[in-house]
Amino acid sequence: MVRVVNAGEIAPSRSAWAVAAERIRVRAGRHLAVDGLDLTLDNGVHGLLGPNGAGKTTLMRALATVIRPVGGRLELLGQPASHGGDLRRVRRDLGYLPQQFGCYPRFTLREFVEYMAWLKQMPKAEIPGAVQRAVDRVDLTEHADRKLKTFSGGMLRRAGIAQAIVNDPRLLLLDEPTVGLDVEQRVTFRALLRELGTDSCVVVSTHLVEDVVAACTNVVLIDHGHLVWQGTPEQLADEETPDGIGDSPAERGYSSLLRERRGQAVTR
Amino acid sequence: MTRIWWIESRRSTAARLGPALLAMNVLMLLTLPAAAGRTGRWMALTMHQRMSLGMLLPLAVAGGAWQLRRDRRHRVEELLSSTPRPRWQRLAPTAVAMATWAGVAYLVVFGAFAAWGLRTASYYPTDTVVIIAVGVVSLVAATWVGMAIGRALPYLVTAPILAVVLITGLGVMSVLVTPDGDEHTTFPRFLFLSPTPSNVPGDAVTIAGRVDTAQAVWWVCLAATAFALLSVVTRRGAALAVAPLLLGSAVAIPMLPAGRDGGEYRLDRTAMEQVCTEDTPRVCLQRVHAYLLPEMSDWARHALGLLAPLPDPPTTAVEWRYLGPDTNDVQPPDTMLFHLELAPYERPTQSEGALWEALDGAAASNGTCTVFHQHDTVARRLAAALLIGTLPPTDDGLDEQEASLFHETYRRLSVLPHAERIRRVAALRHAVLTCQGDLYQVLTEGVS
């Protein structure tokens, strides 16, 4: 079937970055949870770290186009996403696992992932194969035709990851993806993350530093809606100071950076 | 989209709404005078099927509202809002699945009851197709209206409250359409947009074509508005979504007849055609009841035999016909005009009711009388009892006072000599045919 393609669709991306945020401000209700954040992300696995209330989930929601920033400029996959942009083009190449992943419990896993693939406007002929591949990748092949209401918490989390990756997204956003996974599943999941990050931009929001160190190529640390620090996991470990707390160099580096940041804030 | 429709058909509320509607519809047809269908009266079955919408529409609305709770209840709104497919496309398979189940449930029940009566029916009005189709459209629209309301009010209590309010509302509407049984009382014509018919004045009527058209237009427009309200994402869109309903109302309401009892019906002349026995005495029924001719002719001839001792007795038995709210069928002197009263929807030969009805009719008004008296009904029942020589099997049709008067008078009249009884019945029939005199006084003169 021949489809009319508009000029916007074939126009080159305006930005080479998968995520390019310039002083964006995002509200969570009345609260300004992200306040003037600058961020650029390319392909790879990016661990979004920060304490509770740092603005991680709000930032993830903005990157998922669920909420629009109230200020600043946000470009996703080269398309403007802050105001006036065509979000549909971005969303076709987006995978998103919300922090509170909801699903239809009467659907089987295969049906739900298929439904999400359809919502992501994948070509009809590609859907069955893509669904099977996504289910296989999260190791739920044997449970594909079971209803989701029979799934355990960990299985539901993996079902959420399956729906997020079914369209081979160029930008994959996973908010607390390892909650409910056992040790073996987390190790398997880290391997999957590394694989996905080779040709797409994966953003993993978590408060588990060990997950970030094990699976991410880049670390983004935010606090109070601001970018605190950005670097590799190795550089994070190098930030360790004597007063840092934690069981590993990376954890101590993380806490040191936060303390330093908060100290600066108080001094200022 | 077909595949998603199929998933939604099995996994959404549609999969439970369909069986619920089906069960309710069967229940309605079994508890309403549904034997109409079993005894081959297609239009009566169709009307009862439409009447059952009084319960089915609220159920459909409630089901629609319940379905739209799903996204919030299972916290998928955030996930869905990150996908590119437009909202109307996302909801279309669900809405179509709900509509499919609702429509199929309605048609399956009608089909089953129709198949039951298929062998015995003597008249198959094609209007039933249109009338049932309008019913299906209204059911689909109701489902989508429920979904639209469920979107606006995604609460646990929305569906049950809607069901109760609508059952009550439709009940009130049906009361308004027949406010006091007075056919001259008027009401707003838009009430005819309700797909549940008011009192059906007989088996040989159908819903007027312009009422069918107006209802179809309005309910299709309502469905369009409901789906638009379901799909829109802006306030401006919501305001525009009401346009189909306004347009539909502007087109449909002027098409409706003036609001008065029975105004939505028209006579079905083909259904009213007389179908008569070939042998004599001739017995004629309307075509719609012709399947009852073999058994009804026995009772009618029995009645004619009982009337034979009267001077100038009737020689033909003809079924009374409904000719509209202002017109009565006229009873010629040589004809016994009788009501083929099928209520409570038994076949007439299942009781002696047919004979009683036949003789009752013989003593009824000739159709041109304008003055009636208080105890005309008692007098007619007495005449029938005197001819048959026994009391009727029931006192149906008489209130307590009339029943008491009937029994007391019968006790006094039944002891009179046979010739005197015949003379009095003959006088009553003369009074009936000439519209002169109080029937009860004529029958009981000098005895009461």
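I started with the second largest pocket, which holds about 730 Å³ of space. On the grid terms: a pocket is an open set of points on a 1 Å grid over the protein atoms alone, with protein on both sides within 12 Å along at least five of seven lines, and lining residues have an atom within 4 Å of a point. The volume is the space filled by probe spheres set on the points, which are joined across faces, edges and corners.

Housekeeping: this is a predicted model, where local features need pLDDT of at least 70, side-chain atom pairs count only at pLDDT 80 or more, and totals for chains, interfaces and linings use all residues. Residues are numbered from 1 along each chain as its sequence is written, chains are lettered from A in the order written, and side-chain values use heavy atoms, without hydrogens and water.

I found 28 lining residues, with B:Ser81, B:Arg87, B:Arg90, B:Arg151 and B:Val233 the closest to the centre. Helix 3 (87–92) of chain A gives two or more residues to the lining, and among the chain B helices that do so are helix 8 (87–118) and helix 9 (127–152). Helix 9 of chain B gives the most, four residues. (Helices are DSSP runs of H or I, at least four residues; strands are E, at least two; both are numbered from the N terminus.) By type I get 13 nonpolar, five polar and ten charged residues, with Asp, Glu, Lys and Arg as charged, Ala, Val, Leu, Ile, Met, Phe, Trp, Tyr, Cys and Pro as nonpolar, and the others as polar.

Next, the A–B interface. I noted 30 residues from chain A and 25 from chain B in the contact, contact meaning heavy atoms within 4.5 Å. About 2,700 Å² is buried between the chains, 60% of it from carbon and sulfur atoms; this is accessible area (1.4 Å probe) lost on putting the two parts together, summed over both. On the chain A side, A:Tyr104, A:Trp118 and A:Leu119 lose the most area, together 25% of what that side buries.

I then looked up B:His74, in the loop between helix 6 and helix 7 of chain B. B:His74 touches A:Gly102, A:Cys103, A:Tyr104 and A:Pro105. B:His74 counts as partly exposed because its relative accessible area is 21%; buried is under 20%, exposed over 50%, partly exposed in between (1.4 Å probe, protein chains only).

Last, A:Asp211, in helix 8 (residues 209–215) of chain A. A:Asp211 has a relative accessible area of 7%, so I logged it as buried. Its side chain makes a polar contact with that of A:Arg186 at 3.3 Å.

Key
1 Å grid on protein atoms, 1.4 Å probe; cavity = no way out; pocket = protein on both sides within 12 Å on 5 of 7 lines; lining within 4 Å. Polar contact = N/O pair within 3.5 Å; in protein donor to acceptor, adjacent residues only side chain to side chain. Lists of a residue's contacts leave out its neighbours within four places in sequence.
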